[in-house]
Amino acid sequence: MSVPTVRVVVDSEVLAEDAKGEKSAKMAMEIIRKCQWIVLVASTPLLDEAQKMVEMELGMELAKKWRVSTESVCEIVDHPKRDHPALASAYMGNAQHIISRDQRLTSVKAGVAIRAKVETSVKRPEAFVNLFENII
């Protein structure tokens with residue numbers, strides 16, 4: 001029996017929080033890195049945003065190392081530049097989950113609107129960890 005693949009987008013803020021060691025973001029990313037059946041999906045614009053945030057907090061050298069390390073575990077997708085990087089990555093990458101703290105994405109109203117267009121759910125890092133920590 002094969003394990004189903006779970007496709008996940010992590011927004012730029014949460015990616016940067018992981019690099020800075022924020023607990024729930026780090027735990028979410030550890031789950032993603034640990035599980036071969038979870039695919040991290042991202043676009044170049046999404047990674048660019050996160051890299052800028054990491055660079056502002058941790059400096060250029062660490063941001064470059066972070067980018068190389070993160071890209072090595074991502075499936076990169078393309079989307080139009082004008083699109084929201086996390087939403088567009090989820091749409092283009094057929095992701096079931098978006099991990100975000102962006103209130104424009106995490107509200108109930110946003111969830112209904114997103115689900116009308118994309119079969120994905122938006123979760124805060126803590127909710128993602130709660131969902132998957134007992135599975136792994």
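These are my notebook entries on a predicted model of a single chain, taken element by element.

**Entry 1. Confidence**

I began with the confidence of the prediction. The chain averages a pLDDT of 91, and 97% of the residues score at least 70. I then looked up which elements mark the two ends of the range. Strand 2, residues 38-43, has the highest mean pLDDT among the elements, at 97. Helix 7, residues 108-117, has the lowest, at 78.

I turned to strand 1, which covers residues 6-10, and found five of its five residues buried. Which residues lie on each side of strand 1? I noted Val6, Val8 and Val10 on one face and Arg7 and Val9 on the other, and both faces are covered.

I next traced the pairing. Strand 1 runs parallel to strand 2, and four bridges join them. Within this pairing I located Val6 with Ile38 as its bridge partner, and Arg7 opposite Val39. Strand 1 also pairs with strand 4, residues 97-99, again in the parallel sense, over three bridges. There I found Val9 opposite Ile98.

**Entry 2. Strand 2 and strand 3**

I followed strand 2 onward. Five of its six residues are buried. Besides its pairing with strand 1, strand 2 pairs with strand 3 in the parallel sense, over four bridges. In this second pairing I recorded Val41 opposite Glu75 of strand 3.

**Entry 3. Helix 4**

I examined helix 4, residues 60-71. Its twelve residues reach 16 Å from the first C-alpha to the last, close to the 16 Å expected at 1.5 Å a residue. Which residues of helix 4 are buried? I listed Ala63, Trp66, Arg67 and Thr70. Viewed down the helix axis, the buried residues fall within an arc of 100°, so they line one face of helix 4. I set beside this the general rule that an α-helix has 3.6 residues a turn, so residues three or four places apart point the same way.

On the other side of helix 4, I found Glu61, Lys65 and Val68 exposed. I then asked what the buried residues of helix 4 pack against. The elements are helix 1 (12-20), helix 3 (44-58) and strand 3 (74-77).

I looked up Ser89, which is found in helix 5, residues 85-93. Its relative accessibility is 0%, and Ser89 therefore counts as buried, the cut-off being under 20%. I noted two polar partners of its side chain, both backbone atoms. A polar atom of the Ser89 side chain lies 2.7 Å from the backbone oxygen of Pro85 and one lies 3.2 Å from the backbone nitrogen of Ser43. Leaving aside neighbours within four places in sequence, Ser89 is in contact with Val9, Val41, Ala42, Ser43, Leu46, Val77, His79 and Asn94.

Asn94 from that list received its own check. I found Asn94 in the loop between helix 5 and strand 4. At 55% relative accessibility, Asn94 counts as exposed, because the cut-off is over 50%. Its phi is positive, about 55°, although Asn94 is not a glycine. For reference, I noted that most residues other than glycine have a negative phi.

**Entry 4. Arg101**

I located Arg101 in the loop between strand 4 and helix 6 (103-106). Is Arg101 buried or exposed? Its relative accessible area is 13%, under the 20% cut-off, so Arg101 is buried. Its side chain makes a polar contact of 2.7 Å with the side chain of Ser24. Not counting residues up to four places away in sequence, Arg101 touches Asp11, Glu13, Val14, Glu17, Glu22, Ser24, Ala25, Thr106, Arg124, Pro125 and Glu126.

**Entry 5. Arg115**

Arg115 is partly exposed, with a relative accessible area of 42%. What does Arg115 touch, not counting residues up to four places away in sequence? I found Thr120 and Ser121. I also recorded its separation from Ser100: the two are 15 residues apart in sequence and 15 Å apart in space, C-alpha to C-alpha.

Terms used: Residues numbered from 1 in each chain as written. Predicted model: local features only at pLDDT ≥ 70, side-chain atom pairs only at ≥ 80, totals over all residues. Heavy atoms only, no water. pLDDT = per-residue confidence, 0-100. Helix = DSSP H or I, 4+ residues; strand = E, 2+ residues; numbered from the N terminus. Expected span 1.5 Å × (residues − 1). Buried < 20%, exposed > 50% of the residue type's maximum accessible area, 1.4 Å probe, protein only. Arc of directions from axis to C-beta. Contact = heavy atoms within 4.5 Å. Pairing = 2+ DSSP bridges. Polar contact = N/O pair within 3.5 Å; in protein donor to acceptor, adjacent residues only side chain to side chain.
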